[in-house]
Amino acid sequence: MTGYLVSDARKVTTHRFIEMKQRGEKISMLTSYDFTTAGIVDSAGVDGILVGDSASNVMAGNVTTLPMTVEQMIYHAKSVVRAAKRALVVCDMPFGSYQSDRKKGVENAVRIMKESGCDALKLEGGAEIIDTVKGILDAGIPVMGHLGLTPQSINKFGTYAVRAKDEAEAQKLMADAEKLAEAGCFSIVLEKVPAKLAAEVTRNLPIPTIGIGAGGGTDGQILVVADMLGMTKGFSPRFLRRYADLNSVMTDAIGRYVSDVKDSSFPSPDEAY
C-alpha cells in the first residue's frame, strides 16, 4: 500500500524518523483516535500517527487532557493500530501514569505497549521525568519527548499561552531537549514555543523535532486531525490551518438525511429489499 503522494510503502519506524531528519525530509504527523479515521489518515500518507491524550477533548468533551486513563489510551491506540499499515503509531502516556516514580512509569509503559501494539510512547516533560524516560528506554520501548506547552501541566501553567518566551525558560527547554536526546529519545514534540527557539533546538539535536505552533524550522509538523479537517469550531489558534470544513459538510449531509426521512423520500423503493 502507498499513500497519497507517498510512493514508499515501507512501515515507518523510529529509525526512519531519524533518517528523514538526516536527509532533510520533513516529517508529517496527525492525531487519530479510532479505526476509521486512522485508516484514512494512514492511506493519505502521513509518516506518524499520534494517539494523543487530546482524545480527552476531541472524543470525550473534557476541558483538559487530565481525565484520560491508561485503559482509555489503550482502547484508542488498539483501534488505531488495527488501521495503520504504514505510519508510525505513537501513543501518549496519560497524566498520572508516569510522573510519580520510575517503577510505575515503566510498568504502565510496558502495559500500554503490550496491550495496544503501538510502536512508541510519548511523555511530557524534561529533567523532571528523565529518570523515568531512561527506565522506559531501558525496557526497550521507544520514547518521543514533548516540551514547551505540555497540556498535562495546564494547572501548573494556568494558561495555554506560548511557552519559553523568556530567557530562563528558553534555556531550560534547550537543556531538557538535550537531556532527552542524550537519554535516547527518537524525537521530540515542541508545542507553542517561539519559532526562533524551535529552529535553534532543531539545529542542535541529532534527533528530529515535531512542531505544533513552533514555526517551520522544526523537522516535522503535527496537528489534531479534527481541527485541521474543520470538524471543530471555536478553536482557532494562529498555528492551525484548516484544510477542509467538514463541520459544514457533515451538518448539511445530516440535515438532508433528516429531511428525507421526515418527508418519506428515504428509503426509496430502490433502497428497499
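Colleague: Is Asp-176 buried or exposed?
Modeller: Asp-176 counts as buried, at 6% relative accessibility. Keep in mind that this is a predicted model.

Colleague: What does Asp-176 form a salt bridge with?
Modeller: Its partner is Lys-172, with the closest N and O atoms 2.5 Å apart. Lys-172 is partly exposed, at a relative accessible area of 37%.

Colleague: Where do Asp-176 and Lys-172 sit relative to each other?
Modeller: They are four residues apart in helix α8, so about one helical turn separates them. An α-helix has 3.6 residues a turn, so residues three or four places apart point the same way.

Colleague: Which residues do salt bridges join into one network?
Modeller: Glu-71, Arg-111 and Glu-115, through salt bridges that share partners.

Colleague: How many salt bridges does the count come to?
Modeller: The count comes to 14. One of them pairs Asp-119 with Lys-11, at 3.0 Å between the closest N and O atoms.

Colleague: What does the pair of Asp-119 and Lys-11 tie together?
Modeller: Parts that are 108 residues apart in sequence, because Asp-119 lies in the loop between α5 and β4 and Lys-11 in the segment before α1. Asp-119 is partly exposed at 24%. Lys-11 is partly exposed too, at 32%.

Colleague: And Arg-86, what does its side chain meet in a salt bridge?
Modeller: Asp-47, at 3.4 Å from N to O. Arg-86 lies in the loop between α4 and β3, and Asp-47 in the loop between α2 and β2, so the pair ties together parts 39 residues apart in sequence. Both residues are buried.

Colleague: Switching topic. What is His-76 in contact with, leaving aside its neighbours within four places in sequence?
Modeller: Tyr-33, Val-51, Ala-55, Met-59 and Met-68. His-76 is found in helix α4. It is buried, with a relative accessible area of 10%.

Colleague: Now the backbone. Which peptide bond is cis?
Modeller: The one from Phe-266 to Pro-267 is cis, with omega near 0°. Pro-267 lies in the segment after α11. Just after α11, Ser-264 takes a positive phi of about 65°.

Colleague: What about phi of Ala-164?
Modeller: It is near 60°, a positive value in a residue other than glycine. Ala-164 is in the loop between α7 and α8, and it counts as buried at 4%. Lys-192 also has a positive phi, near 50°. That residue is in the loop between β6 and α9, and it is buried at 19%.

Colleague: Back to α11. What should its 17 residues span?
Modeller: At 1.5 Å a residue they should span 24 Å, and the end C-alpha atoms are 24 Å apart, which agrees.

Colleague: Which residues form the nonpolar patch on the surface?
Modeller: Met-231, Met-250, Ile-254, Tyr-257, Val-258, Val-261 and Phe-266, with about 620 Å² of accessible area together. Val-258 is found in helix α11 and is partly exposed at 39%.

Colleague: Zooming out, how many helices and strands are in the protein chain?
Modeller: There are 11 helices and eight strands. Of the 273 residues, 48% count as buried.

Key. Residues numbered from 1 in each chain as written. Predicted model: local features only at pLDDT ≥ 70, side-chain atom pairs only at ≥ 80, totals over all residues. Heavy atoms only, no water. Helix = DSSP H or I, 4+ residues; strand = E, 2+ residues; numbered from the N terminus. Buried < 20%, exposed > 50% of the residue type's maximum accessible area, 1.4 Å probe, protein only. Patch = residues over 30% accessible without salt bridge, like charges linked within 9 Å, V, L, I, M, F, W, Y side chains within 5 Å. Areas by Shrake-Rupley, 256 points an atom, 1.4 Å probe, with all protein chains shown as cover. Salt bridge = Lys/Arg side-chain N within 4 Å of Asp/Glu carboxyl O. Contact = heavy atoms within 4.5 Å. Expected span 1.5 Å × (residues − 1).
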